[in-house]
Amino acid sequence: MDSYQEILKDAPLDFLQKLAGNLNLATKGGKRAGRGSENGWQALYNKLVAYYSSPDNLETLWQKIGPPGQLALETIHFSEPYYDEVSRVHERLNKLLGKRAAREARELLLGWGLIFLSENEYGLDYYDLPLEVRKFINYKVLPLLVKKDGIPLPEQRENHGLFLWLDFYILLAGVLQREVRVTQTERVFYKRDRKKIMLCQHYPDDESRYLLLEEVAWANDFLVEKNGCARLSAKTWEWLQLPRYKQWLTFVDWVINHYFQCRNIWATHILGFLLTLPPEKWLSLPALYQLIHKYNMPSQANNILANNKELLQRFLWLGLIEVAGGLEQGCIRITDLFRRYFNVLLQHDQEVEETDGEVFREAIEGFFPEASSFIVQPNFEVIAPLELSPNLFMQLSTFTDLVSADRMFIFSLNEKAFYRGFTRGRQPEEMLKFLQEHSKYELPPNVLTTVEEWAAKMGKVSLVKGVLVRCQKEELAGQVKALLEARGWLIEAITPQVFLVPENRGEECLELLEKQGFMPHPQLIVLRAGGEDDVDIDESPNTLLARFIEAALKKRG
């Protein structure tokens, strides 16, 4: 959607002369703009741009074109001009005004430069309206869309705030905390796993809202599929390093940018109406929907309505608008955050990625405070504000279970979750240090003692590919030996702390030890040359096993 400045910059001199003549524009000396050196291309161009930039001049032209021209201009403005061929627009105008009146109105609009003929990417002609004219028409129409002051505001009010964005983190944490299975055909989570994630979100019964979050995660490569399960990608952790307001900016772009990139002219109209509306006023949705029906064919109007109701729903979910009375019969207005966000875009006339981040920071950073601490309770609950740094939130989620996220995040610190963090590559000492560094107060003594006990157990039992079960603590060895004997897996006790089990039972044995709470090393260990038992990696598996048994027996002797 270009301004007069853009549209006229490539126009030839004779076109500018004709346009200036139609508008009766004169030089300083009182003569009409002509071919003289004083009134060459640049002078005409500057004069025309200045003329069309004046709302008073546009109002004069509006009055001159009269009701037929006004209706024709509004019809072109509120249609989908880029994809509507000129012939289709003519057909619509002929039905509204009659062929003769429609032709006269079109010629008048073209002659006075209120519309221009352009060619789209498919080689088809369409009518293009300059940005100044579009703004002017929206300004004229807006009073018809404002909720009348005498009509009471519906009691039902909705403002989702930042909850959609927060629920995106909860989805990512859900993938981090459990084995989330993925369907092979559609690449979506299985319903059972999906429901578990939704239970912690702010609108747990709204599946369409949740599916949008999953769609965003897949589309932006935050998720990858591995062995039938979803995993977080490296890109996720890179994104989490950004300041909270920058993460929000990119998230908003992912959710709504499509509606503006696909030349949805009504998305632009709705946005223009909302931004022009005084902060205390509300936009009537029935009046907006009626406007769409007025200027479009029935089938086209239904498609436009469906598409833009979906956009409004996303605006609501993102906290960009608040709604009174629902999205069918109610009214809407933009939030202060939305107004500041788009004011930056309008001032700089750029996409989010291209706009100076510092400008956005000054405008909206205050909406995104960032907390860097939490409280660990004696009952092993970790309570954190919803403003917790996303990076800290995800790190905490690796070794705790998210229980609730209503007014604050509540995590459960338990042995199973702590071991999960160990299996994800975090060392027990590191997780304990993380709790101590970011806890607002000292860890309760009972929590500290228990976590230290968990840390002392982890990785003390391990399976060496071959398969040997090793216990680094004598007190664990007796329990492990009894468990292996009960399953019939114990071939021989090589030492009091090293047990030989069938090689084909390795993974099953590892899983059993995990379930019984021994917190084994999460993978089968492959011995390397020069290791603690000095076993040569180049030898066959059977020789490796023999060498390890021999070394173990030497230690026992």
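## P55, out in the open

P55 comes out as exposed because its relative accessibility is 55%, and the cut-off for that label is over 50%. Keep in mind that this is a predicted model. P55 belongs to helix α4, which covers residues 55-78.

## The four-strand sheet

Now for the strands. They form an open sheet of four, in the order β3-β7-β8-β6, and the pairing is antiparallel. The edges belong to β3 (157-158) and β6; each has a single partner strand, so one side of each has no neighbour in the sheet. Helix α15, residues 298-317, packs on this sheet and touches β3, β7 and β8. The direction of α15 makes about 105° with that of β7.

In general, strands of a sheet pair through backbone hydrogen bonds, in either a parallel or an antiparallel way. Here, β7 (residues 321-324) runs antiparallel to β8 and is joined to β8 by four bridges. Strand β6 (residues 283-284) also pairs with β8 in the antiparallel sense, over two bridges.

## I332 and the two faces of β8

Which residues stand opposite I332 in β8? L283 is one of them, and V323 is another.

As for the faces, side chains in a regular strand alternate between the two sides of the sheet. Strand β8 (residues 331-334) is covered on both: C331 and R333 are buried on one side, and I332 and I334 are buried on the other.

## Nonpolar cores

How many residues make up the largest nonpolar core? It has 151, and those with the most contacts inside it are L73, F189, W248, I321, F393, F409 and L413. Helix α8 (residues 163-177) supplies the largest share of this core, with eleven residues. Apart from this core lies another one of 14 residues, including C471, L476, V501 and C509.

Setting aside neighbours within four places in sequence, F409 is in contact with L166, I170, V382, I383, A384, P385, L386, F393, L402 and S404. One of these contacts, F393, is also listed with F409 among the residues with the most contacts inside the largest core.

Notes:
Residues numbered from 1 in each chain as written. Predicted model: local features only at pLDDT ≥ 70, side-chain atom pairs only at ≥ 80, totals over all residues. Heavy atoms only, no water. Buried < 20%, exposed > 50% of the residue type's maximum accessible area, 1.4 Å probe, protein only. Pairing = 2+ DSSP bridges. Core = buried A, V, L, I, M, F, W, Y, C linked by side-chain atoms within 4.5 Å. Contact = heavy atoms within 4.5 Å. Axes fitted to C-alpha atoms, helices over the stretch in contact; angles between N-to-C directions.
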